[in-house]
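Please read the points below with the coordinates open beside the text. They are the notes of a colleague going through the structure place by place.

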Amino acid sequence: MNTRSPIVGVIVVAAGSGTRLGADRPKAFVDCAGRTVLERSLDSVFGMQREAQVVVVAPADLVAEAEDIARRAAGAAESSISVVAGGDTRQQSVSNGLAALDAGIRIVLVHDAARALTPAAIFDDVVTGVAQTASGIVPGVPVQDTVKRVDDDDAVVETIDRAELRSIQTPQGFPRASLAAAYADAEIEYTDDAALFAAAGHPVSVIDGDALSFKITTPWDLRRAEGLLASAPASIRVGIGTDVHAYDDESELWLAGLAWPGERGLSGHSDGDPVCHAITDALLSAAGLGDIGSVFGTSDPRFAGAHGETFLTATRSRLADDGFTIGNVAVQIMGNSPRFAPRRDEAEVFLTGLLGAPVSIAATTTDGLGFTGRGEGVCAIATATVSRQYS
Ligand SMILES: Nc1ccn([C@@H]2O[C@H](COP(=O)(O)OP(=O)(O)OP(=O)(O)O)[C@@H](O)[C@H]2O)c(=O)n1
Ligand SMILES: C[C@](O)(CO)[C@H](O)COP(=O)(O)O
């Protein structure tokens with residue numbers, strides 16, 4: 001386990017009202033193809049190669065909702081994320097985010113939640129740029145249209161050489177100490193963090209941005225984002241899970257979600273069903289959502305004696321909350337008893353119904369070898385695929 005604290009902090013500003021979008025709630029909390037704009041932005045942040053402390057800045061009355069979204073997006077990285085209330089301007093919101101960074105943070109990225117489809121690689125590129133140059137680094141893309149300067153009456157004054165122009169995006173990255181000092185000294189409002197940083201006398205360079213990093217500002221932008229998400233290929237992920245339970249003559253046997261009267265039982269805090277537990281682990285692992293212990297606990301009294309069905313139903317809905325669809329599940333059982341083949345179809349139909357996706361189960365003995373061969377218990381290994389449209 002990596003126990004070092006991160007040196008990169010990412011502030012995701014999501015406290016704006018989204019006036020130009022004109023939705024019935026602040027922009028970051030608006031639905032974008034089944035998930036909020038904020039959650040989609042955080043998916044990119046958590047797609048970074050480097051570990052980072054993440055601070056979300058939300059409208060004061062939506063901090064609790066932002067915390068739920070942040071926890072879902074963070075998954076296993078939950079401890080690295082926090083939410084603070086924003087201010088009346090973007091600059092004030094960034095300032096509130098800066099105040100929440102841990103002492104060890106050396107490089108700060110500031111990102112608009114509104115740039116919900118920004119590829120994760122851009123975050124890493126910006127961090128690398130700051131680390132190598134100790135200056136401000138901002139992603140930008142060439143300006144596509146001819147640009148003209150006009151006077152108060154809209155008469156054209158000049159055509160500007162667009163070759164020297166860039167449309168600037170986020171995340172914008174900076175050495176933490178210089179950015180914090182620049183913020184503390186700022187006396188006027190700037191439209192972006194790089195302008196504030198440059199006004200304090202620091203150099204800023206532009207690196208290649210990405211067309212996907214466009215800012216969702218108007219209803220048309222939201223439709224564009226939803227169209228892109230709908231047409232993107234679904235990404236498929238594979239997960240694996242293993243579980244073992246020891247035989248216990250005092251317990252009833254529950255295996256693959258079925259009761260097996262008259263067969264030797266398996267011990268466990270819940271019903272000791274290694275098939276359902278291995279499937280739960282495989283599904284959570286495929287979705288990057290932890291494992292049965294981290295999600296349900298290993299000794300929670302609510303799950304004492306609980307049947308596998310409880311875990312599988314809750315896991316399916318946890319995955320659905322995160323936009324995942326289950327593709328299929330395959331399980332291998334290893335053990336001397338019970339003889340599984342006579343009830344294979346029954347078990348597969350039951351579990352397929354619970355998960356809404358095909359479940360296939362194979363069973364084998366281990367020819368007298370190992371703990372299963374010695375008749376000490378039953379082992380199940382499961383694999384699962386899940387898919388999610390874009391991230
Ligand atoms: N007081 C504010 C204003 C803006 N932002 C954030 O800054 C980013 C860029 O701002 P913009 O797109 O202009 O968002 P809004 O201010 O919400 O939009 P509008 O100007 O249309 O009201 C957004 O992610 C927005 O949530 C913020 O955190 N706090
Ligand atoms: C920071 C920014 O996204 C850079 O392009 C932009 O300046 C903020 O958006 P706004 O519409 O200017 O508030």
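1. The sulfur of Cys 379 lies 15 Å from the closest cysteine sulfur, that of Cys 276, which is too far for a bond. The model, which is a predicted one, accordingly holds zero disulfides, and Cys 276 takes part in none, the nearest cysteine sulfur being that of Cys 379. A disulfide is a covalent bond between the sulfur atoms of two cysteines, and the cut-off applied here asks for sulfur atoms within 2.5 Å.

2. Helix 3, which spans residues 90-99, has Gln 91, Ser 93, Val 94, Gly 97 and Leu 98 as buried residues. Viewed down the axis of helix 3, these buried residues fall within an arc of 160°, so they line one face of the helix. As for what lies over the buried residues of helix 3, the cover includes strand 1 (8-13), strand 4 (53-58), strand 5 (81-85) and strand 6 (107-112), together with helix 5 (176-185) and helix 6 (193-199).

3. Around ligand 1 there are 18 residues, of which Val 13, Gly 18, Thr 19, Lys 27 and Ser 93 come nearest; Ser 93 is also one of the buried residues of helix 3. From a side chain, an N or O atom of Lys 215 lies 3.0 Å from an oxygen atom of ligand 1. Taken alone, ligand 1 exposes 560 Å², and the protein buries 87% of that area.

4. Which residues are around ligand 2? They are Arg 20, Arg 90, Asp 112, Arg 115, Ile 168, Thr 170, Thr 191, Asp 192 and Lys 215, and Lys 215 also places a side-chain N or O atom 3.0 Å from an oxygen atom of ligand 1. A side-chain N or O atom of Arg 20 is 2.9 Å from an oxygen atom of ligand 2, while the backbone supplies an N or O atom of Ile 168 at 2.6 Å and a polar atom of Thr 191 at 2.7 Å, in each case from an oxygen atom of ligand 2. On its own, ligand 2 has 350 Å² of accessible area, of which the protein covers 73%.

5. Ser 270 sits in the loop between strand 15 (258-259) and helix 8 (274-287) and counts as buried at 11% relative accessibility. Its side chain makes a polar contact of 3.2 Å with the side chain of His 277. Leaving aside residues up to four places away in sequence, Ser 270 touches His 277, Phe 303, Ala 304, Gly 305, Ala 306 and Phe 311.

6. Thr 313, in helix 10 (residues 308-321), counts as partly exposed, with 41% relative accessibility. A polar atom of its side chain lies 2.8 Å from the backbone oxygen of Glu 309. Thr 313 and Thr 280 are 33 residues apart in sequence, with a C-alpha to C-alpha separation of 9.5 Å in space.

Methods. Residues are numbered from 1 along each chain as its sequence is written. Chains are lettered from A and ligands numbered from 1 in the order in which they are written. This is a predicted model: local features need pLDDT of at least 70, side-chain atom pairs count only at pLDDT 80 or more; totals for chains, interfaces and linings use all residues. Side-chain values use heavy atoms; hydrogens and water are left out. Buried means under 20% relative accessible area, exposed over 50%, partly exposed in between (1.4 Å probe, protein chains only). Helices (H or I, at least four residues) and strands (E, at least two) are DSSP runs, numbered from the N terminus. The arc is that of the directions from the helix axis to the C-beta atoms. Contact means heavy atoms within 4.5 Å. A residue is near a molecule or strand if one of its heavy atoms lies within 4 Å of it. A polar contact is a pair of N or O atoms within 3.5 Å; within protein, one must be able to donate a hydrogen and the other to accept it, and residues adjacent in sequence count only if both atoms are side-chain atoms. Accessible areas come from the Shrake-Rupley method with a 1.4 Å probe; for residues, only the protein chains shown count as cover.
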